[in-house]
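Please look through the sequence and the model shown here before reading on. The report below takes up a few local and overall features in turn.

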Amino acid sequence: MPTAPPDPPHTSPRQPPRRVWESRWWVFGTALLLGLALLVANWVGGHPGAGVAMLGLMVVFGSVFLVGRRSETIRLMGQPDERWRTIDLAATAIAGLVLILVIIGAFLWELAHGRDGSPYTQLAAISGVTYLAALLVLRWRS
Amino acid sequence: MDNQIRQLRTDKGLSQGQLAAAMGVSRQTINSIETGRYTPSLPLAIALARFFAQPVEEVFHADGAP
């Protein structure tokens with residue numbers, strides 16, 4: 001029969017303090033705000049129906065974090081531990097890499113069709129400058 | 001990286017969830033450590049070793065280490 005775990009305070013690693021954006025309410029609120037921004041943008045652009053649909057999608061997405069606490073994966077997305085933070089960092093890096101490759105491809109496509117490459121030139125420049133700045137800051141901090 | 005976490009945990013009669021709660025991490029993280037798919041941070045590795053009252057080097061074995 002399993003025994004109760006020993007008193008953990010003197011053995012538990014110090015987990016980073018929980019940040020406000022790791023709260024499930026923060027995720028829901030962010031999704032709601034983004035949904036409202038999409039609604040307004042679509043409304044101004046003359047597509048209120050699309051705006052309502054996008055708002056609905058964002059509300060559903062945010063609600064998953066509120067009601068999905070029984071799922072360990074969803075709970076971890078709101079309250080990550082060190083392994084989940086590592087996974088999140090790798091996933092973010094992969095997404096960024098794919099985005100940069102797409103931007104470079106689109107930039108080349110635009111050039112090959114006799115155009116000046118906008119807006120991909122600027123996006124590629126932002127990516128490059130951000131990467132270099134991040135390297136410098138992270139190197140300085142470590 | 002090989003480790004003795006599963007052996008030490010079962011010797012104590014603990015579930016992965018109980019060990020996870022004691023360490024302040026998820027059950028999935030304990031499972032990943034036990035199966036060698038995730039190498040814990042140094043603070044977590046030390047905490048696990050302390051939890052089982054073992055030296056860190058007795059709990060975790062670096063691949064290829066003598």
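## A loop residue in chain B

In which loop of chain B is the place of B:A53? In this predicted model, B:A53 sits in the loop that runs between α4 (42-51) and α5 (56-59) of chain B. The phi angle of B:A53 is near 55°, which is a positive value in a residue other than glycine.

Is B:A53 buried or exposed? B:A53 counts as exposed because 9 other C-beta atoms lie within 10 Å, and the cut-off for an exposed residue is 12 or fewer.

## Domains of chain A

The assignment for chain A gives two parts, with domain 1 covering residues 19-79 and domain 2 covering residues 81-142. Between the C-alpha centres of domain 1 of chain A and domain 2 of chain A there is a separation of 25 Å.

## Helices α4 and α5 of chain A

Helix α4 (residues 82-112) of chain A and helix α5 (residues 120-141) of chain A have axes that come within 9 Å and cross at roughly 145°, and the crossing of α4(A) and α5(A) is left-handed. On the side of α4(A), the contact is made by A:I100, A:I103, A:I104, A:A106, A:F107 and A:E110, while α5(A) contributes A:Y120, A:T121, A:L123, A:A124 and A:S127. Sorted by class, the residues of this contact of α4(A) with α5(A) are eight nonpolar, two polar and one charged.

## A cis peptide bond in chain A

The loop between α4 and α5 of chain A holds A:P119, and the peptide bond that joins A:S118 and A:P119 is cis, with omega about 0°.

Technical notes. Residues numbered from 1 in each chain as written. Chains lettered and ligands numbered in written order. Predicted model: local features only at pLDDT ≥ 70, side-chain atom pairs only at ≥ 80, totals over all residues. Axes fitted to C-alpha atoms, helices over the stretch in contact; angles between N-to-C directions. Helix = DSSP H or I, 4+ residues; strand = E, 2+ residues; numbered from the N terminus. Left-handed = near helix turned anticlockwise from the far one by under 90°. Contact = placed C-beta atoms within 7 Å. Nonpolar A, V, L, I, M, F, W, Y, C, P; charged D, E, K, R; others polar. Domains from an automatic or database assignment. Buried ≥ 20, exposed ≤ 12 C-beta atoms within 10 Å, placed from the backbone.
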